[in-house]
Amino acid sequence: GDIMYQTTIKSDKRFHSLSEGYGAPVELFGYTEDGETPMSLVNIALASCVTMCLQSYFAKYQGIEELAIQVDSSYEEGHFTLAIHLPEDLILKNEQELLAFVDNFCRVKKLFREDIQVDISLAK
């Protein structure tokens, strides 16, 4: 079943908040030059979820428990673009299967409205 997530956000001034939830508090700002913002956190959440799905895929289908993966993600006006960087020596058996697995299991991506574009591809 679904897990319930909860948090408490405390704010002392405009464009500044601090979370109280799981692990270390997360401090957020209104502008990226000051630190992470609510939108940058959404970008982090999506890229992290995709990365965890990738790790799950390789563990489940290729028996690889530890893998150095990097995902670069950017967001601009309703469009997320993610580039997956896998180790050069890794043999990927089926790229389409991998991307379909991510599409099927990424819970963060599933939260987005249908008009939000999410393009995920392997960096060449």
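1. A quick word on terms first: a residue is called buried under 20% relative accessible area, exposed over 50%, and partly exposed in between. Keep in mind, too, that this is a predicted model.

2. With that in hand, take Met39, which sits in helix H1 (residues 38-62). Its relative accessibility is 42%, so Met39 goes down as partly exposed. If you're wondering how Met39 relates to Thr8, the two are 31 residues apart in sequence, and their C-alpha atoms are 18 Å apart in space.

3. Strand S1 covers residues 8-13, and the number of its 6 residues that are buried is 0, so S1 lies largely in the open. S1 pairs with strand S2 (residues 16-20) in the antiparallel sense, over 4 bridges.

4. S1 and S2 make a hairpin with 2 residues between them, and Phe15 in the turn has a positive phi of about 60°.

5. On to helix H2 (residues 95-105), where Leu98, Leu99, Phe101 and Val102 are buried. Looking down the axis of H2, you'd find its buried residues within an arc of 155°, so they line one face of the helix. What do the buried residues of H2 pack against? Their partners are H1, strand S5 (79-85) and strand S6 (117-122).

Definitions and conventions. Residues are numbered from 1 along each chain as its sequence is written. This is a predicted model: local features need pLDDT of at least 70, side-chain atom pairs count only at pLDDT 80 or more; totals for chains, interfaces and linings use all residues. Side-chain values use heavy atoms; hydrogens and water are left out. Buried means under 20% relative accessible area, exposed over 50%, partly exposed in between (1.4 Å probe, protein chains only). Two strands pair if DSSP finds at least two bridges between them. The arc is that of the directions from the helix axis to the C-beta atoms. Contact means heavy atoms within 4.5 Å.
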